Amino acid sequence: MPSLAINIDRLLKDIDALAEFTTGEGAGVTRVTFSKEDRAARAYLRQQMESAGLAVSEIPPGIMLGRLAPAGSSDPPVMSGSHIDSVVSGGRFDGIVGVVGALEVARTISENRVLLRSPYEVVIYPEEEGTRFGAVLTGSKAWSAQLSAQQLSSMRDSDGVSYLDAMTAYGLKADDLERHMFRRGRAKTLLELHIEQSVVLEQERIQIGVVTAIIGIRGFDVTVSGVANHAGATPMPLRRDALAGAAEIMLELERITRTLGAHTVCTVGQIACSPGARNVIPGEVRLSVDFRDIEKLDERWKRVLPCIDEVAGRRGLVASISPKASTEPVALSATVQDLVEQVARHRGLSTMRMPSGAVHDAQVLAPLVETGMIFVPSRGGRSHCPEEYTEPAQIEQGTNVLLDAVMALAA
Ligand code: GLV
Ligand code: MN
Ligand code: MN
């Protein structure tokens, strides 16, 4: 039988505490990168990590680290963590379970005076959701030099503040980006605990998901241009209604995507209609398109793409497509998958191997370090909404699996 166990009550207190750091607008949690709520969440986590004996640091592009190292060891650490930013009106578990799970593992190791051979490091990423600066996985991409300082200076929030300026105002220097860059060899292994955000584990009554691969994204903005005109005086055959065209494009994107792979998904999540008046035919509409797949991502997007021009052309509209953030799908380490499965089974927990349809910072770093992920069930598969929920017992199981895996990797 495994001898150590995490303290779920302590971990649940962390979840409750972090959920308080929200703008308070609307239901659920809204906490964006480098905001005052983010600052408060970081201060709380710093205090928790320091009390557990971790050496805490914050480095550009806003990564927070808590390190537990055997005296004199400069070996690459086993790392675990996730993100603390949220979507607008999101849940209290997305990202947070991986952050407080990694913290709780550190506390358990520390208070039991477990002697690790490799250091253990908690990692907290900024801007995973892209809520403030518009692109998912920005923190991990900038940390691993997949986004340059120049790109960070051109990513702006809705008030026109750049990522770089917000980061500098937070107290981190752009000049230090290079020095702290995550390079191959920086870590021994990376493990992320996360809620599943779908229904598979719940429906299959499985306790632990062993993640095999993480989906990739092609993101686009589509601007549909028509002619703004009088809503009463313009007969139906003479209209060039950008919104009606955008609606047909959305339905076509959905219809074609359904004919592709089992993991192919396409979402229009934002729509801006101009001029946006009851009595004016819409002249211009901008849609965000988030197209994802585990495999054949570009090949399948090319099957979907022609419908945009086809619909626009048929309706006398013009569509222009501009690429937004793009992320590659990745396969996770088979060795780490085997280990997670083995430690979960040793605790008598049921497991299944599964891909992730959500993106995670782990996939950005996976080409540079052996990487794995552990999923725990999400009630009703709900996520990115206030209804997001995972049972305490399920979080406890996942965190104990993380503890065992970290101890095996760092021993
Ligand atoms: C983030 O959670 C995403 O998958 O977009
Ligand atoms: Mn998310
Ligand atoms: Mn997440």
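Predicted model: local features only at pLDDT ≥ 70, side-chain atom pairs only at ≥ 80, totals over all residues.
Colleague: Why does the pair Asp 94 and Glu 129 tie together separate parts of the chain?

Modeller: Find the element that carries each residue. Asp 94 sits in the loop between strand E3 (78–83) and helix H3 (96–111), while Glu 129 sits in the loop between strand E4 (120–125) and helix H4 (138–143), so the pair joins parts 35 residues apart in sequence.

Colleague: How far apart are the two manganese ions, and which residue coordinates both?

Modeller: They are 3.5 Å apart, and Asp 94 coordinates both.

Colleague: What geometry would I compare a site with?

Modeller: The ideal angles are 109.5 degrees for four tetrahedral donors, and 90 or 180 degrees for six octahedral ones.

Colleague: Is Asp 94 buried or exposed?

Modeller: Read the relative accessible area. Under 20% counts as buried. Asp 94 has 8%, so Asp 94 is buried. Glu 129, at 12%, is buried as well. His 83 is also buried.

Colleague: Now the loop between E4 and H4. Where does Arg 132 stand on burial?

Modeller: Arg 132 lies in that loop. Its relative accessibility is 19%, which means it counts as buried.

Colleague: What is Arg 132 in contact with, leaving aside its neighbours within four places in sequence?

Modeller: The list includes Val 32, Thr 33, Phe 34 and Ser 35. Also among the contacts are Glu 127, Arg 156, Asp 157 and Ser 158.

Colleague: How do I look for empty space?

Modeller: Roll a probe the size of a water molecule over the atoms, and it shows where empty space is left. In this structure there is 1 cavity of 30 Å³ or more. The largest cavity holds about 60 Å³ of space. It is lined by 13 residues, and the closest to its centre are Asp 85, Ser 86, Val 87, Gly 91 and Asp 94.

Colleague: How much space lies in the second largest pocket?

Modeller: About 290 Å³. Of its 14 lining residues, Ala 135, Leu 147, Met 155, Lys 324 and Ala 325 are the closest to its centre. H4, helix H5 (149–154) and strand E13 (318–327) each give two or more residues to the lining. E13 gives the most, with 3 residues.

Colleague: Last, helix H12. What span should its 13 residues have?

Modeller: Count 1.5 Å a residue. H12 (residues 334–346) should therefore span 18 Å, and its end C-alpha atoms are 18 Å apart, which agrees.

Colleague: What caps the N-terminal end of H12, and what comes just after the helix?

Modeller: Ser 333 is the cap: a side-chain oxygen lies 3.2 Å from the backbone nitrogen of Thr 335. Just after H12, Gly 348 takes a positive phi of about 80°.

Colleague: Which elements do the buried residues of H12 pack against?

Modeller: The buried residues include Val 336, Leu 339, Val 340 and Val 343, with Gln 337 and Glu 341 also among them. They pack against strands E5 (189–195), E6 (208–214), E15 (351–356) and E16 (370–376), and against helix H14 (392–410).

Methods:
Residues numbered from 1 in each chain as written. Chains lettered and ligands numbered in written order. Heavy atoms only, no water. Helix = DSSP H or I, 4+ residues; strand = E, 2+ residues; numbered from the N terminus. Expected span 1.5 Å × (residues − 1). Buried < 20%, exposed > 50% of the residue type's maximum accessible area, 1.4 Å probe, protein only. Contact = heavy atoms within 4.5 Å. Polar contact = N/O pair within 3.5 Å; in protein donor to acceptor, adjacent residues only side chain to side chain. Donors = N, O, S within 2.8 Å, 3.2 Å for Na, K, Ca; no water. 1 Å grid on protein atoms, 1.4 Å probe; cavity = no way out; pocket = protein on both sides within 12 Å on 5 of 7 lines; lining within 4 Å. Points joined across faces, edges and corners; volume = space filled by probe spheres on them.
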